[in-house]
Amino acid sequence: MGVDKATVTLDGVTLLERALERLDKVCDPVLIAPGAVPLHVTGRRSVADAVPGAGPLGGLVAALRASTHRLLAVVAVDLPWIDPSLLAMLAATIGDGDVAVCETSRGIEPLHAVYSVSLLGAAEAALAGPDRSLRHLIERSDVRRLPERKWRAAGISARFSDNVNTPEDLARVTRDRPR
């Protein structure tokens, strides 16, 4: 994008503001793991990545360490259609598992998921290893999958997994946004 995606605006609000507004409906507190970009939001707690430059896994480990709850909803700021109802469904699905993820036509969605602090040890080990992929960590964990047919039956739109990585993506989600 050429800019910090948290500051990109859609419908007059930044992607970070959109994410916080949606997460506030189902999460308390909401932790911000901004990666390498220093980000301070009044009234919000930011956590520094456990290992700088390690990608989403570094933020996940930091958030799991800082969590005051057993479960942690994890989303990427570049998902403009974060769905609080879907996060609640995932929290209800996880049981005593390590992570609950949605299955989509593109596979699992690790950055719109619910993680348990029980995953912290495995996440720290992955962070110390050569493969820092969230998908790889999930596949080696006690994962609970929410099949697409179930979340669609609940009226959830597949838009929750649309992300904004390029100016063209932003133009597409702006053009195709729900009315």
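A: Threonine 104 stands opposite glycine 107 in β7. Strands β6 and β7 pair in the antiparallel sense over 2 bridges, and they form a hairpin with 2 residues between them.

Q: What kind of model is this, and how are residues numbered?

A: This is a predicted model, in which local features need pLDDT of at least 70, side-chain atom pairs count only at pLDDT 80 or more, and totals for chains, interfaces and linings use all residues. Residues are numbered from 1 along each chain as its sequence is written, and side-chain values use heavy atoms, with hydrogens and water left out.

Q: What counts as a strand, and when do two strands pair?

A: Strands (E, at least two residues) and helices (H or I, at least four) are DSSP runs, numbered from the N terminus. Two strands pair if DSSP finds at least two bridges between them.

Q: Which other strands does β6 pair with?

A: Strand β8 (residues 112–116) runs antiparallel to β6, joined by 2 bridges. Alanine 100 is opposite valine 114 there, and valine 99 has tyrosine 115 as its bridge partner. With strand β9 (residues 143–146) the pairing is parallel, over 4 bridges; valine 101 is bridged to arginine 145.

Q: Is β6 buried or exposed?

A: Of the 6 residues in β6 (residues 99–104), 5 are buried, so the strand is largely enclosed by the rest of the structure. Buried means under 20% relative accessible area, exposed over 50%, and partly exposed in between (1.4 Å probe, protein chains only).

Q: And how many residues of β8 are buried?

A: In β8, 5 of the 5 residues are buried, so this strand is also largely enclosed by the rest of the structure. In a regular strand the side chains alternate between the two faces of the sheet. Both faces of β8 are covered, with His112, Val114 and Ser116 buried on one side and Ala113 and Tyr115 buried on the other. β8 also pairs with β5 in the antiparallel sense, over 5 bridges, where valine 74 is opposite alanine 113.

Q: What does histidine 112 touch?

A: Not counting residues up to four places away in sequence, histidine 112 touches Val74, Val75, Leu79, Ile82, Asp83, Leu86, Leu87, Leu90 and Phe160. Contact here means heavy atoms within 4.5 Å. A polar atom of the histidine 112 side chain lies 3.0 Å from the backbone nitrogen of aspartate 83.

Q: Switching to the cores. Which residues touch the most other members of the largest one?

A: Leu57, Leu60, Leu64, Leu72, Tyr115 and Leu137 do, in a nonpolar core of 25 residues. Elements giving two or more residues to this core are α2 (56–66), β5 (71–75), β6, β8, α4 (120–128) and α5 (134–139). α2 gives the most, with 7 residues. Such a core is a set of buried Ala, Val, Leu, Ile, Met, Phe, Trp, Tyr and Cys residues joined through side-chain atoms within 4.5 Å.

Q: What is leucine 60 in contact with?

A: Leaving aside neighbours within four places in sequence, leucine 60 is in contact with Leu72, Val74, Tyr115, Leu134 and Leu137. Apart from this core lies another, of 24 residues, including Ala76, Ile82, Leu90 and Trp151.

Q: How many aromatic pairs are there?

A: The count is 1 aromatic pair. The rings of tryptophan 151 and phenylalanine 160 have centres 5.1 Å apart and planes at 90 degrees, so they are edge-to-face. Rings of Phe, Tyr and Trp (its six-membered ring) pair if their centres lie within 6.5 Å; planes under 30 degrees apart count as stacked, over 60 as edge-to-face and the rest as tilted. Both tryptophan 151 and phenylalanine 160 are buried.

How values were computed
Polar contact = N/O pair within 3.5 Å; in protein donor to acceptor, adjacent residues only side chain to side chain.
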